[in-house]
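Me: I am new to this structure. Please show me how to read it.

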Amino acid sequence: MSGICEDRVVVVTGAGRGLGRAHALAFAAEGARLVVNDLGVRLDGGTPGTEGPDTPDTPGTPAARVVAEIRAAGGTAVAHHGDIATTEGAASLVTTALDTYGRLDTLVNNAGFLRDRMLVNLDEDDWDAVLRVHLKGHFLPLRHAAAHWRAQTKAGRTPTARIVNTTSGAGLLGSVGQAGYSAAKAGIVALTLVAAAELARYGVQVNAIAPAARTRMTEHAFATAMAAPAIGFDAMAPENVSPLVVWLGSAASDGVTGRVFEAEGGRITVMEGWRPGPTADNGARRGPAEAGETVRKLLARAEPPGAVYGA
């Protein structure tokens with residue numbers, strides 16, 4: 001295979017199904033060599049009985065099936081079965097790429113699951129589990145990959161490295177019933193901005209996508225919107241998002257870093273985050289009533305907030 005990622009080594013987490021699978025197949029079609037990570041858990045993160053957590057000796061598991069698809073199409077891929085929200089799992093993810101292919105060029109952080117509850121019914125364990133897989137599951141692979149690229153730079157071999165993180169509209173605008181998920185996805189945006197600033201000196205570009213697509217997380221929660229049409233363009237197919245991810249993960253994206261993109265169907269949007277809006281400064285401390293009056297006047301001049309998902 002040849003393409004814009006020819007000979008690049010790409011790691012994709014949560015690549016056994018949905019968006020991660022689509023990304024892995026798209027990278028392979030563009031010539032990349034893949035490490036396909038997936039733990040094979042249920043939608044809520046639980047261990048799935050017969051489906052198993054992935055192990056190298058169970059070829060029917062999600063990661064192994066994607067590896068088989070890539071190889072059948074003439075590509076190169078290996079499976080990784082570690083928990084990337086642990087230090088050991090994240091370190092072994094990077095080590096798998098280096099031991100198998102001798103290098104690492106692109107990291108796509110995509111793994112996650114849902115435990116949706118309204119705030120008053122949200123258990124602490126569910127909150128912790130969702131932040132662990134999404135936010136910590138982004139931080140740890142990023143941290144270990146960045147350490148490798150920093151070492152390369154210090155050895156005089158500055159890489160052309162790429163990281164693509166996965167946020168969500170829920171993280172940008174909030175989503176009713178998804179406090180933990182929204183908080184984690186918002187944290188991923190902040191992590192992306194910090195990583196882009198800190199890692200630029202090592203030849204690493206870091207961006208994030210906020211995809212809208214049909215996956216295990218969305219096909220039931222938003223069944224009508226996510227349903228595939230009988231004919232015509234399937235706007236919610238996860239494969240629609242992958243071309244942007246592949247481009248961001250390639251050397252062709254030179255100079256693009258610290259950005260968040262929304263991707264849905266055939267639409268790509270550059271998301272513009274918090275920026276100063278209307279302001280007032282009287283050069284002195286205000287009393288509460290005066291502060292409130294000032295806020296009212298400023299809000300009258302401000303843009304309305306974005307829609308809250310699910311409201």
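Me: What is the mean pLDDT of the protein chain?

Reply: pLDDT is the predictor's confidence in each residue, from 0 to 100. The chain's mean is 88, and 86% of its residues reach 70 or more. Over residues 49-58 the pLDDT is below 50. Beyond near neighbours in sequence, that stretch has 23 contacts in the model (contact: heavy atoms within 4.5 Å). This is a predicted model: local features need pLDDT of at least 70, side-chain atom pairs count only at 80 or more, and totals for chains, interfaces and linings use all residues. Residues are numbered from 1 along each chain as its sequence is written, and side-chain values use heavy atoms, leaving out hydrogens and water.

Me: Which residues of α1 are buried?

Reply: An α-helix has 3.6 residues a turn, so residues three or four places apart point the same way. Buried means under 20% relative accessible area, with a 1.4 Å probe and protein chains only. In α1 (residues 18-29), the buried residues are L19, G20, A22, H23, A24, F27 and A28. Their cover includes β2 (33-37), α2 (62-72) and β6 (204-212). Helices here are DSSP runs (H or I, at least four residues), and strands are E runs of at least two, numbered from the N terminus.

Me: At what angle do α4 and α6 pack?

Reply: Two packed helices are described by the angle between their axes and the distance between the axes. Helix α4 (residues 124-154) and helix α6 (residues 179-199) pack at about 15°, with axes 8 Å apart. That makes α4 roughly parallel to α6 (angles under 35 degrees). Residues in the contact include W127 and F139 of α4, and Y181 and L191 of α6.

Conventions: The expected span of a helix is 1.5 Å times one less than its number of residues. Buried means under 20% relative accessible area, exposed over 50%, partly exposed in between (1.4 Å probe, protein chains only). Axes are lines fitted to C-alpha atoms, for helices over the stretch in contact, and angles run from 0 to 180 degrees between N-to-C directions. Angles under 35 degrees count as roughly parallel, over 145 as roughly antiparallel, 65 to 115 as roughly perpendicular and the rest as oblique.
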